[in-house]
Amino acid sequence: MSDELLINVTPMECRVALIENGTVNELFIERTVKRGLVGNIYKGKVVRVLPGMQAAFVDIGLSRTAFLHINDMVWSRNQPTPNVFELLQPGQILIVQVMKDMLGTKGARLSTDLSIPSRYLVMMPYGNHTGVSQRIESEAERDRLRSMIERIQAEHKLPGSVIVRTAADGIAEAAIAQDMAYLTKLWEFIQRKQISIAVPSLIFEELPLPQRIIRDLASEKTAKISVDSREIHGKLQEFVEEFVPNIKERLIHYPGERPIFDLYNVEEDIQRALQTRVALKSGGYLMIDQTEAMTTIDVNTGSYVGGRSLEDTVFKTNMEATQVIARQLRLRNLGGIIIIDFIDMQEQEHRTEVMTQFERMLEQDHAKTKITQVSELGLVEMTRKRTRESLEHLLCESCPTCQGRGYVKTAESVCYEIFREIMRYTRAYQSQTGFTVVAHPSVIDRLLTAEAPAVADLEHFIGRVIKFQVENLYTQEQYDIILS
């Protein structure tokens, strides 16, 4: 079955859903007031050099200084890694490109090795080689594209290196040459602009989300691209005519009364993608926990007992889980370190088959993934390239009640804290009348019922009266003790 792209546009944001085989597998969101920075090129100034980290902080005009590591800088790779002070000094002016958006408290990640993408190519002005996407499997096609690029570069004396993208598979030389001409003009524009602007300043801004999605994801497999905004549809028509004319007939305006995301229940998938528990059709389930350091995924059989034996049940659950995990990684845009705890299998053949299936599912991912190893405990350790915020970080914030912990203290624990605090106050202040405890209704209720004997004993011990006052606006962990 072919792929579809659904583009939902409002004045506040643009959302794109990638539908594969009738299922939502990837979601992209760009808000008008908070556009992504990846791909943007800036003229910046080095603020601070960190020799211990072989890195520097660079001011590019954002709310937080950006981070530049020596491994992301241009220098002769035939030489030993230089000291960062050999390449950077405070106050130095740099032309840099954003590799990763600001994530949480971290600033954007930068590179001085610029890469400028088009439909079929990626130009790297400071590079010195020609590469072809590994997703193009035919050696004959790879050789054709490589020799074509080298010939075009030699004819026009173009600088740097060029990477051929997957979309170039089977594309005629004329289209490739047109792409190259576009990149050349864009690079000349960037070079001219960087001379005339102040520091820090934006030199080049990456395309808006709709155009970027068509450039990067639309392919021969894409059956239809539906846009629910007439204005954006018009802009995309102009973009497609110039850069991707072969998909012009597949770009349509969706005028329906029913919201475009309701066609494939995208809204429901978004809500489910924010939940920790993910159900499997067999009755098993996944538990997905995303933290600052890593993401952990635990596979459980749940209510599924359909196998001929325990080993068979476990094997079938793990096999189903590989498909769902691969989809959830893309849908939630989970990146960084990911630890997966499949259910233990006794047979080596089953373990091998599960890993083979999982690797095959990950091949469909547009982000770079790598399974590093299976640990002694049977945990699958992998990484997935992270360039933008995950769906959870984009749509949610830490719970103000639990501060992102995922749990709160019980009313009983808070009562005992209050008792200890009252004892502390008694020693510190010479109040003659007593104390008033202001707390959440559940805490006050417990103090007046289950903890009433303890309250009476405490009053007798300290020789003071303890009063209680309900505050509905407090969280269960909040309380105040007022001297009477």
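I count two strands as paired if DSSP finds at least two bridges between them. Helices (H or I, at least four residues) and strands (E, at least two) are DSSP runs, numbered from the N terminus.

The model is predicted, so I noted the terms: local features need pLDDT of at least 70, side-chain atom pairs count only at pLDDT 80 or more, and totals for chains, interfaces and linings use all residues. Residues are numbered from 1 along each chain as its sequence is written, and side-chain values use heavy atoms, with hydrogens and water left out.

Entry: four-stranded sheet. I looked up β11 and strand β12 (residues 161-164); three bridges join them, and they run parallel. Thr-130 has Val-162 in β12 as its bridge partner. The sheet is open, ordered β9-β10-β12-β11, with mixed pairing. At its edges I found β9 (116-117) and β11 (130-132), each pairing on one side only. Helix α2 (residues 139-156) packs on this sheet and touches β10 (121-124), β11 and β12. Contact means heavy atoms within 4.5 Å. The direction of α2 makes about 150 degrees with that of β11. Axes are lines fitted to C-alpha atoms, for helices over the stretch in contact; angles run from 0 to 180 degrees between N-to-C directions.

Entry: three-stranded sheet. I read the order as β23-β22-β24, open, with mixed pairing. β23 (465-470) and β24 (479-483) are the edges; each has a single partner strand, so one side of each lacks a neighbour in the sheet. The twist averages 20 degrees from one strand to the next. Six bridges join β22 (residues 434-439) to β23, in parallel. Ala-439 stands opposite Val-470 in β23. Helix α10 (residues 411-428) touches β22, β23 and β24, at about 25 degrees to β24.
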